[in-house]
Amino acid sequence: MAAHSQFEELARQLSAIGAVKREMGRMLPQDCPPASAGVLTLLDRHGEMRMSQLAELLAIDMSVTSRHVAHVAERGWIERKPDPADKRSRLLRLTPSGTALLEELAERYTAALARYLDDWSDADVGHLVELLARLRTSFGDCRTRAHHDSLTRTPAG
């Protein structure tokens, strides 16, 4: 197991990743904030879904999810259609315009990473990808764990 000081430094480095995420967010089109890109990415990865499932995947409240969905729907990047299993619900699905935007964003992100990491070797980039994937795996599904932890926590005192 790593030393305590290594975990402290890892915590500092992970906090600093926020700056990298903000810089990457600046590459998004003006009308596509990071939250909108997140909605589109999840719909691309998981396919059509109800808003409740999207809220769960985003780990945010339904009211916030609803605002994000309204934003991307107004721009024609997703469509909301009646759920055949429950006419009161809507299924969210990417439109061709949303797919095209995601492709543009992927190109922008890939170009930016290539530019910022141009002095990294292929092996270094591969190692970073491997370690980040391993870190995510170690954390598992944080939403499920946080919910479970809040149910099993005992009050202090």
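**Close-up views of a predicted model**

**View 1. Glu79 stands opposite Arg93 in strand E3.** This is a predicted model: local features need pLDDT of at least 70, side-chain atom pairs count only at pLDDT 80 or more, and totals for chains, interfaces and linings use all residues. Residues are numbered from 1 along each chain as its sequence is written, and side-chain values use heavy atoms, leaving out hydrogens and water. Strand E2 (residues 78-83) and strand E3 (residues 86-94) run antiparallel, joined by 6 bridges. Strands pair if DSSP finds at least two bridges between them. A hairpin of 2 residues links E2 to E3. Helices (H or I, at least four residues) and strands (E, at least two) are DSSP runs, numbered from the N terminus.

**View 2. Helix H1 (residues 4-25) packs its buried residues against helix H5 (96-116).** H1 has 22 residues and reaches 32 Å from its first C-alpha to its last. Its buried residues (under 20% relative accessible area, 1.4 Å probe, protein chains only) are Gly18, Met24 and Gly25. They lie on the same side of H1, because they cover an arc of only 135° around the axis. The arc is that of the directions from the helix axis to the C-beta atoms.

**View 3. The largest nonpolar core holds 20 residues.** Such a core is a set of buried Ala, Val, Leu, Ile, Met, Phe, Trp, Tyr and Cys residues joined through side-chain atoms within 4.5 Å. Leu40, Leu43, Leu54, Ile78, Leu92 and Leu105 touch the most other members. Helix H2 (34-46), helix H3 (51-58), helix H4 (62-74), E3 and H5 each give two or more residues. H2 gives the most, with 5.

**View 4. Leu92 touches residues including Leu43, Leu54, Val69 and Ile78.** Contact means heavy atoms within 4.5 Å. Glu48, Arg50, Glu79 and Arg80 are also among the residues touched by Leu92.

Terms used: Expected span 1.5 Å × (residues − 1). Buried < 20%, exposed > 50% of the residue type's maximum accessible area, 1.4 Å probe, protein only. Lists of a residue's contacts leave out its neighbours within four places in sequence.
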